[in-house]
Amino acid sequence: MLSRVDVVEVVGRYVQLKKAGINHKGLCPFHGEKSPSFTVSATRQTYHCFGCGVHGNALGFLMAYSGMGFVEAVRDLAQQVGMTVPEDDRSPQEREKAAALKQRQATLTDVLHKASDSYRKQLKGNKRAVDYLRGRGLTGEIASAFGLGYAPDGWRGLASVFPHYDDPLLEESGLVIATGDNEADKKRYDRFRDRIMFPIRNVQGEVIGFGGRVLDKGEPKYLNSPETSVFHKGKELYGLHEARAGLRKRGYALVVEGYMDVVALAQLGFPNAVATLGTACSADHVQKLFRFTESIVFSFDGDAAGRRAAGRALEASLPFATDTRSVRFLFLPPEHDPDSYVREHGAEAFEQYVAQAVPLSRQLIEAAREGCDTDSAEGRARLLAQAKPLWHALPEGALKMQLLGDLAQAAGLTTDDLNRLWAAQAQAQSRAGGGRSRPPRDAGQDDRGGPPPDDAPWSYEPSSDFDPDSFDPTGGQGTAQGGGEGGGWQGRGNKPWAGKDKKPWTPNKSWGDKPWNRKPPEEGSGLPRARPDSTADAALRMLLLSIGWWEQLDAGDHDLLHKLPAPYGPLSAWIERHLHDHGAVTWAELEPAIRETEWAGFVARLVTADAAQGEAAFADLRKAVDALWVQALKAQLEDLSRRAATDPQLLVQMREVEQHRRRRLQSLAPPPGTAR
């Protein structure tokens with residue numbers, strides 16, 4: 001095929017070339033230059049840049065410049081020369097459907113491009129919008145390079161752009177919102193009004209969506225296009241099309257948080273900045289960036305939210321962290337974002353800050369160490385438990401081998417000891433059939449008077465003598481896992497569970513006043529029982545069944561759940577990441593993804609078929625999380641009390657923690673007059 005393709009024609013579609021002897025020359029599309037050093041040879045059918053060193057053939061050019069995959073680039077070239085690429089094993093109906101979708105996508109991008117042109121024209125004529133951008137330090141040149149525009153403050157501004165405002169494509173593309181059940185009664189209006197418009201382009205440069213920012217105060221500050229057949233927020237990166245030359249010039253991709261950061265940094269000398277589109281960094285983002293560079297630097301705020309975002313970026317990067325690639329993490333001071341830091345301290349200072357970014361190896365150990373007291377054996381064991389899934393996600397190579405030694409050292413073990421430990425755990429899990437280390441108990445057996453956790457949906461209702469301090473989030477010595485004097489989790493209807501026959505067991509009358517023991521065990525009941533349900537069990541079960549509830553919890557709740565010991569904390573992080581990447585899916589959609597994780601066995605015990613059919617409300621989750629708060633705050637008070645003996649200033653902090661604890665207690669108490 002390459003013998004029938006003219007590289008001059010292929011490159012000439014994207015670069016203005018001029019004849020120079022037997023070759024053609026032009027400005028290199030892969031780095032910024034004023035004098036042409038990019039040469040295309042018709043005789044050798046290759047291209048080469050004497051400035052940045054890039055070179056290749058027609059196929060390589062398409063993949064490098066347009067961001068196409070190999071198969072897509074082959075099809076593009078084959079189409080140019082009238083060749084047919086062998087089809088896959090899809091049926092004719094499937095191929096026809098795929099072709100129709102591709103045509104539909106092309107039509108949508110045409111609509112979005114037309115809207116983008118209109119927004120750009122509106123910006124030039126709106127002084128208020130221009131003044132806003134100038135106030136943010138942006139020039140007209142950089143605004144033009146990124147195609148910035150302005151959506152006027154009107155309900156039907158696009159009606160003057162598109163003759164048929166009721167065209168379904170406007171609604172499908174996300175430009176217009178339609179309300180009403182019947183087509184005749186539908187009311188249509190522009191999605192974006194009185195906003196600075198940031199066109200979102202794919203790698204090929206096609207407009208696939210928009211981000212709109214308010215000029216003054218208003219909510220939401222940023223408004224994105226909805227997901228469409230051409231726009232998938234979890235896969236696209238803002239500014240990647242514009243950053244391709246900058247990535248080669250700077251040698252790394254700088255991943256920041258917002259559109260404005262990308263544009264401002266490009267103007268300040270960092271044209272290699274890109275941003276996710278309001279979602280957590282995903283494996284798709286990382287994989288796409290590694291097609292253009294071998295080095296990625298993630299920039300985050302230094303607060304708790306920034307650390308969580310760094311954790312998700314770390315997990316997304318691990319499968320691609322080969323020995324020849326670099327992933328680093330930059331944590332800025334709380335008062336700065338990248339734009340403000342460069343403006344205050346200068347580009348050179350920021351470059352030095354980037355050079356000191358935390359490498360992936362150290363970030364992995366720091367993530368595993370979080371919440372661990374490494375002065376104790378328990379803390380070091382937890383460190384290894386949290387590090388294990390991260391380490392296993394790395395590809396085989398020298399980096400993975402070295403990290404094994406670093407983790408062993410952090411836990412006070414030798415590398416051989418850690419190797420044997422994890423190998424033994426893997427064998428034990430394999431023998432247990434996916435992580436289940438004990439057979440399921442009979443549904444009617446429970447030695448605490450509480451319900452069997454594998455069989456019943458749960459709700460929370462404090463009993464009359466409820467003491468939140470008895471809650472143990474991990475199901476250790478707390479009394480809230482079943483019945484008992486601690487009250488706590490009960491079966492549906494908030495009635496104490498009474499076994500299979502629904503009748504509570506009582507001692508034989510013939511025993512008189514003599515002390516009595518348990519009912520004699522039935523045949524087979526000597527098998528180990530599953531651990532009784534805990535508060536953390538119930539909270540995680542509800543989040544798995546209704547993953548969208550995670551967004552109704554606040555940042556403090558998220559931190560609390562992240563800090564729970566394994567498997568609860570790591571599973572909470574996985575839930576948050578999956579929600580960001582895939583949205584509020586149903587349990588039926590979530591379950592297959594869970595099966596591919598190391599928590600498959602744990603979740604299988606937690607969410608049985610009966611539990612999945614149970615009914616719960618967000619209020620139940622809220623109470624469970626509040627109960628976890630009470631336990632955590634009690635532990636914090638005990639720690640502060642010990643330290644206050646030598647540091648009286650901690651007494652003020654103790655009072656604040658105690659007030660917080662009391663507020664959580666009040667939220668758990670049943671309303672006055674409520675039947676118990």
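These notebook entries record what I looked up in one predicted protein model.

**Entry 1. Confidence**

I began with the confidence of the prediction. The mean pLDDT of the protein is 81, and 80% of its residues reach 70 or more. I then sorted the elements by mean pLDDT. Strand β6 (residues 149-151) has the highest value, 97, and strand β18 (residues 459-461) has the lowest, 38.

**Entry 2**

I traced an open sheet of 5 strands, which has the order β1-β2-β3-β4-β5 and antiparallel pairing. Its edge strands are β1 (18-20) and β5 (55-56), each of which pairs on one side only.

I followed the pairs along the sheet. β1 and strand β2 (residues 23-26) are antiparallel, with 3 bridges, and K19 stands opposite H24 in β2. The hairpin of these two strands has 2 residues between them, and G21 takes a positive phi near 70° there. On its way into the sheet, β2 pairs with strand β3 (residues 38-41) over 4 bridges, again in the antiparallel sense. K25 has T39 in β3 as its bridge partner. For the pair of strand β4 (residues 46-49) and β5, I noted 2 bridges and an antiparallel run. Here Y47 stands opposite G56 in β5.

**Entry 3. The sheet from β12 to β17**

I looked up a second open sheet, in which 6 strands follow the order β12-β14-β13-β15-β16-β17 with mixed pairing. β12 (237-238) and β17 (358-359) stand at the edges with a single partner strand each, so one side of each has no neighbour in the sheet. The bridge partner of F329 is V358 in β17.

**Entry 4. Cavities**

I listed its lining as S118, Y119, Q122, P152, G157, L158, V161 and D190. Helix α4 (residues 92-124) gives the largest share of this lining, 3 residues. By class, I recorded 4 nonpolar, 3 polar and 1 charged residues.

**Entry 5. The second largest pocket**

Which residues lie closest to the centre of the second largest pocket? I first noted its volume, about 1300 Å³. Of the 48 residues that line this pocket, G311, E315, A573, W574 and R577 are the closest to its centre.

I then assigned the lining to elements. α10 (283-289), α11 (304-317), α14 (360-369), α15 (377-393), α19 (555-562) and α20 (568-582) each supply at least two residues. Of the elements, α20 gives the most, with 9 residues. By class, the lining has 18 nonpolar, 12 polar and 18 charged residues.

Domain 3 (249-270 + 281-422) and domain 4 (533-675) each contribute at least three residues to the lining of the second largest pocket.

Terms used: Residues are numbered from 1 along each chain as its sequence is written. This is a predicted model: local features need pLDDT of at least 70, side-chain atom pairs count only at pLDDT 80 or more; totals for chains, interfaces and linings use all residues. Side-chain values use heavy atoms; hydrogens and water are left out. pLDDT is the predictor's confidence in each residue, from 0 to 100. On a 1 Å grid over the protein atoms alone, a cavity is a set of points where a 1.4 Å probe fits but cannot get out, and a pocket is an open set with protein on both sides within 12 Å along at least five of seven lines; lining residues have an atom within 4 Å of a point. Ala, Val, Leu, Ile, Met, Phe, Trp, Tyr, Cys and Pro count as nonpolar, Asp, Glu, Lys and Arg as charged, and the others, Gly among them, as polar. Two strands pair if DSSP finds at least two bridges between them. Grid points are joined across faces, edges and corners, and a volume is the space filled by probe spheres set on the points. Domain bounds come from an automatic or database domain assignment.
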